[in-house]
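I am opening a notebook page for this chain. I want its layout first, then its core.

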Amino acid sequence: MDVGAFEYLLECCSIKILRRMGEEERMEEMNDQVILEQAPLNSVDRCDRCGAQAYVRATLISGADLLFCSHHAKAYAESLKAQARHIHDESDKLNESSDS
Ligand SMILES: [Zn+2]
């Protein structure tokens, strides 16, 4: 498993989150984490690794979100379980489409 790449992703994501937090500091201090966790994934959501449509969103303990296609969600499953506090998995949707 490509653990180095995963850690790189975490770093990128943390920077993104820090920037976003800076912007939102001026706004009312609202916790949008609940909304993020519940929002369904759609075709606009892309895997952070390969750009394919994302079916899994992992919300990390730090509050960062990582999006993965079904393939990369499986590839990073162990790391995600260790670092994510919530995993939103819609990979079942893949079975409904005619992908075969
Ligand atoms: Zn992917």
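My entries on the fold, the sheet and the core follow.

**Entry 1: confidence.** I am working from a predicted model. The protein chain averages a pLDDT of 80. I note that 69% of the residues score at least 70. Which element scores lowest, and which highest? Helix 2, residues 33–38, is lowest with a mean of 52. Helix 3, residues 70–75, is highest at 96.

**Entry 2: overall layout.** I counted elements next. The protein chain has five helices and three strands. Along the sequence I read the pattern α-α-β-β-α-α-β-α. I then looked up burial, and 19% of the 100 residues count as buried.

Entry 3: I then took one pair in detail. Strand 1, residues 56–60, pairs with strand 2 in the antiparallel sense over four bridges. Within strand 2, Asp65 stands opposite Thr59.

**Entry 4: Phe68.** I picked Phe68, which is found in strand 2. Is Phe68 buried or exposed? Phe68 is buried, because 28 other C-beta atoms lie within 10 Å, and the cut-off for buried is 20 or more. I listed what Phe68 touches, leaving out residues up to four places away in sequence. The list is Cys47, Asp48, Arg49, Ala54, Val56, Ala58, Ala73 and Tyr76. I also looked up its distance to Cys50, 18 residues apart along the chain: the C-alpha atoms of Phe68 and Cys50 are separated by 8.3 Å.

**Entry 5: the core.** The largest nonpolar core has 13 residues. Which of them touch the most other members? They are Ala54, Val56, Phe68 and Ala73. Strand 1 and strand 2 are the elements that give two or more residues to this core. Strand 2 gives the largest share, three residues. In soluble globular proteins, nonpolar side chains tend to be buried together. I finished with Ala54. Beyond four places in sequence, Ala54 is in contact with Leu41, Asp45, Arg46, Cys47, Leu67, Phe68 and Cys69.

Technical notes. Residues numbered from 1 in each chain as written. Pairing = 2+ DSSP bridges. Buried ≥ 20, exposed ≤ 12 C-beta atoms within 10 Å, placed from the backbone. Contact = placed C-beta atoms within 7 Å. pLDDT = per-residue confidence, 0-100. Core = buried A, V, L, I, M, F, W, Y, C linked by C-beta atoms within 7 Å.
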